[in-house]
Amino acid sequence: MYNVDSTGSDHSDFNRIDDKLPPQNIEAEEAILGGILLDPDAVDRVIDTLCAEAFYLSAHKDIYQAALALHSKNKPTDLLSVINWLTDNGLLAKVGGRNKLATLVDRTVSAVNIDAFAELVMDKYLSRKLISAGNQIIQLGNDQSQLLPERLDIAEQKIFSLRHQSALDNEPKSLDEICVKIHARLEALSEGNSPTGIPTGFYDFDFITNGLQPGELIVIGGRPGMGKSAAAHQVAFYISQSQGFTTMIFSLEMSQEDIGTRLLSSESEIEMSYLKSGKITGSQWEKLASAFKTIAEIKLDIDSSSCPTPSEIRSKVRKAIAKGAEVKLVVIDYLQLMVDGADFRIVQKIGEITRQLKLLARECNLTVILISQLNRGVEDRTNKRPMLSDLRDSGRIEEDADLVLGLYRDEYYNPESSDRGLAELIILKHRNGATGTVKLLFDAQFTRFKNLARS
């Protein structure tokens with residue numbers, strides 16, 4: 001057993017049980033650091049899986065951070081370079097001096113098993129975090145000041161984050177570590193023009209936004225009849241079909257069967273009236289058979305529960321992920337139905353909902369598309385195109401959303417419009433990029449949007 005000295009653990013928040021140390025493996029930590037000091041390529045093999053906080057001894061954490069800092073600047077991580085970095089940053093004495101680092105090198109034969117050691121250290125680290133989460137859940141159980149559903153949601157979130165999120169995303173990172181990832185992303189982008197996010201199927205929109213980004217909340221606003229739900233459902237269908245990811249639709253307005261029928265109409269190119277009446281011709285049955293085959297192969301879950309809360313939505317998404325689903329998009333249709341219209345705190349309530357949905361996107365590393373109605377004031381203007389100020393009972397919608405889209409079809413107001421058959425997807429707010437207008441074709445017959453032909 002190791003004695004903890006000045007180079008020891010900084011994990012005093014973990015309770016000892018029967019006077020036992022929390023889970024750790026000092027030998028594996030030493031083997032990792034020794035391998036990095038011996039082999040200049042060893043850092044690349046562990047950098048994506050091993051975070052500095054995973055080291056039980058604070059000295060080991062400091063040495064690993066020194067190696068990461070050097071690596072981010074394309075400098076070697078050999079013994080002399082690490083010693084110089086620690087000296088320059090006033091940490092050499094803290095980690096045990098030159099003798100400590102020399103000992104790490106002497107005890108290490110090679111870095112051949114560094115990957116396995118990294119997994120072992122991460123396992124011990126997550127075990128310590130599980131103990132900490134368990135202690136916090138016990139405290140929640142004894143805390144009667146909060147409602148039980150709130151405490152259950154917090155407890156579920158703590159376990160979920162341990163099991164389904166990378167530990168590297170849960171801890172503070174140095175700017176050096178962040179720049180390593182930025183550099184890798186820029187290199188990948190320089191090799192091609194494909195979007196960095198998930199394509200929606202609308203190529204002009206993807207060009208402006210780089211596709212759907214994980215962790216983002218997207219709000220689609222529009223007056224009734226513009227096709228907001230159809231557009232969001234179409235994107236969910238496209239992502240599941242083309243990318244193989246799971247998408248989830250939470251509909252507070254349409255039933256599961258209604259949504260399924262609409263998607264079936266779009267895929268089979270059979271008008272809704274035929275599908276509603278059941279008067280299907282022989283040729284239409286052939287189209288339906290092909291559409292049913294396509295739909296059977298995609299992973300799109302539809303929930304039409306009455307007025308689910310953000311906590312209930314988060315719980316259902318977590319359960320889907322826990323069962324192995326790779327959920328990348330959640331569509332919620334629509335915001336105002338999640339709020340009691342008689343509640344005088346409606347603006348505050350909407351703000352709480354949008355904040356919770358933004359946290360869902362970040363916690364589960366997926367995109368949330370939230371549909372929202374616009375104020376009736378739009379009808380009183382000559383130009384009825386959506387503006388940010390039109391978001392109904394906006395509250396913090398604009399503040400929490402990473403992307404705000406307004407959907408507009410001129411023929412809805414002007415049947416003789418020269419833009420008949422066209423829809424405008426107006427990017428009203430883009431936290432990380434440009435705004436603008438994307439024009440799409442709208443096929444009212446099948447409630448479907450299409451790309452304009454490129455010249």
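Is Leu 175 buried or exposed? In this predicted model, Leu 175 is exposed, at a relative accessible area of 59%; the threshold for that class is over 50%.

**View 1. A nonpolar surface patch that includes Leu 175.** Leu 175, Ile 178 and Ile 182 make up this patch, whose area is about 260 Å². Leu 175 belongs to helix α9, which covers residues 175–190.

**View 2. Helix α11, residues 228–243.** The helix comprises 16 residues, and the distance from its first C-alpha to its last is 22 Å, close to the 22 Å expected at 1.5 Å a residue. Twelve of the 16 residues are buried, so α11 is largely enclosed by the rest of the structure. Among the buried residues are Lys 228, His 233, Gln 234, Phe 237 and Ile 239. Just after the helix, Gly 244 adopts a positive phi of about 80 degrees.

View 3. Strand β5 spans residues 367–373, and seven of its seven residues are buried. In a regular strand, side chains alternate between the two faces of the sheet.

**View 4. Strand partners of β5.** Strand β1 (residues 217–222) pairs with β5 in the parallel sense over six bridges, and Gly 222 stands opposite Gln 373 of β5. Strand β4 (residues 327–333) also pairs with β5 in the parallel sense, over four bridges. Here Leu 329 stands opposite Thr 367 of β5.

Definitions and conventions
Residues are numbered from 1 along each chain as its sequence is written. This is a predicted model: local features need pLDDT of at least 70, side-chain atom pairs count only at pLDDT 80 or more; totals for chains, interfaces and linings use all residues. Side-chain values use heavy atoms; hydrogens and water are left out. Helices (H or I, at least four residues) and strands (E, at least two) are DSSP runs, numbered from the N terminus. The expected span of a helix is 1.5 Å times one less than its number of residues. Buried means under 20% relative accessible area, exposed over 50%, partly exposed in between (1.4 Å probe, protein chains only). Patches are made of residues with over 30% relative accessible area and no salt bridge: like charges are joined within 9 Å, nonpolar side chains (Val, Leu, Ile, Met, Phe, Trp, Tyr) within 5 Å. Accessible areas come from the Shrake-Rupley method with a 1.4 Å probe; for residues, only the protein chains shown count as cover. A salt bridge is a side-chain nitrogen of Lys or Arg within 4 Å of a carboxyl oxygen of Asp or Glu. Two strands pair if DSSP finds at least two bridges between them.
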